[in-house]
Amino acid sequence: MTKLAIMGAMEEEIEPLLAHFDNVKVTEFAKNKYYELTYNGLDIVVAYSKIGKVFASLTATTMIEKFGCDTLLFSGVAGGINPTLKIGDLIIAKKLCQHDLDITAFGHPHGFVPEGAVYVETSKELRQIAFDVAHENGIEVLEGTIATGDQFVHSSERKEFIESTFKADALEMEGASVAVICDALNVPFFILRAISDTADMDAGFDFDEFLKSSAKNSAEYLIKIVNKLNN
Ligand code: ADE
């Protein structure tokens, strides 16, 4: 690895990461800020994309193509679907899909477009490092499927559709788009989320209440993973 990208979607998701770094150089590009730094002998670029698949795709592509990052880690929050996931719990994506991608009118399955795939898998090596770190630190983490869409899900109906259609364990608004970009550009990637709400009627309220604490849970675990990358 020569340069590591660390992404979040919202400022609250990268704030607890940036707190670990100093001597940060800020570069503006495409209406966004990129934070360049060196940590433990690793060159790192940190950014938050803004919410949603389009902004996340732009940021991931920029980090890879403009800043030369060759590994990407994502940290943030998600809505829980799997009932074992409580607010604050951690989930590592094994694979991701786009729950709002729909050309079923032409006989294709939900989440599929020609020459694409319903699911994109994350790097097995990075997941293994994350599990080693979890094990060493007594951190509990679930590995599962994350569904992404340009919707803040706050209804049982939509949540159940995503659960039954994609067998998803959690949902959010950026992961699968980052996955598509990294897969296309051959960059190993890893998506970590901590649960901020359970995507039902109370989701908006819970999200506001738990965004910061859950984002911190995700970030603190991610830093431990970064510490392991250079060992
Ligand atoms: N991220 C965190 N909670 C979410 C939800 N309920 N819907 C979409 N993205 C989320």
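A polar contact is a pair of N or O atoms within 3.5 Å. The model discussed here is predicted. In it, a nitrogen atom of the ligand is 2.6 Å from an N or O atom in the side chain of Asp-197. Taken alone, the ligand exposes 260 Å², of which the protein buries 96%.

- A nitrogen atom of the ligand lies 2.9 Å from a backbone N or O atom of Val-153.
- A polar backbone atom of Gly-79 is 3.3 Å from a nitrogen atom of the ligand.

**The shell around the ligand**
- The ligand is surrounded by 13 residues, and the closest are Gly-79, Val-153, Leu-171, Ser-196 and Asp-197.
- By residue class, the shell consists of eight nonpolar, three polar and two charged residues.
- At least two residues of the shell come from each of strand 5 (71–80), strand 9 (170–172) and strand 10 (189–197).
- Strand 5 contributes the most, with three residues.

**Cysteines and disulfides**
- A disulfide is a covalent bond between the sulfur atoms of two cysteines.
- The structure holds zero disulfides.
- The cysteine sulfur closest to that of Cys-69 belongs to Cys-182, and at 9.8 Å it is too far for a bond.
- The cut-off for a disulfide is a pair of cysteine sulfur atoms within 2.5 Å.
- Cys-69 is buried, with a relative accessible area of 3%.
- Cys-182 is also buried, with a relative accessible area of 1%.

Terms used. Residues are numbered from 1 along each chain as its sequence is written. This is a predicted model: local features need pLDDT of at least 70, side-chain atom pairs count only at pLDDT 80 or more; totals for chains, interfaces and linings use all residues. Side-chain values use heavy atoms; hydrogens and water are left out. A residue is near a molecule or strand if one of its heavy atoms lies within 4 Å of it. A polar contact is a pair of N or O atoms within 3.5 Å; within protein, one must be able to donate a hydrogen and the other to accept it, and residues adjacent in sequence count only if both atoms are side-chain atoms. Accessible areas come from the Shrake-Rupley method with a 1.4 Å probe; for residues, only the protein chains shown count as cover. Helices (H or I, at least four residues) and strands (E, at least two) are DSSP runs, numbered from the N terminus. Ala, Val, Leu, Ile, Met, Phe, Trp, Tyr, Cys and Pro count as nonpolar, Asp, Glu, Lys and Arg as charged, and the others, Gly among them, as polar. Buried means under 20% relative accessible area, exposed over 50%, partly exposed in between (1.4 Å probe, protein chains only).
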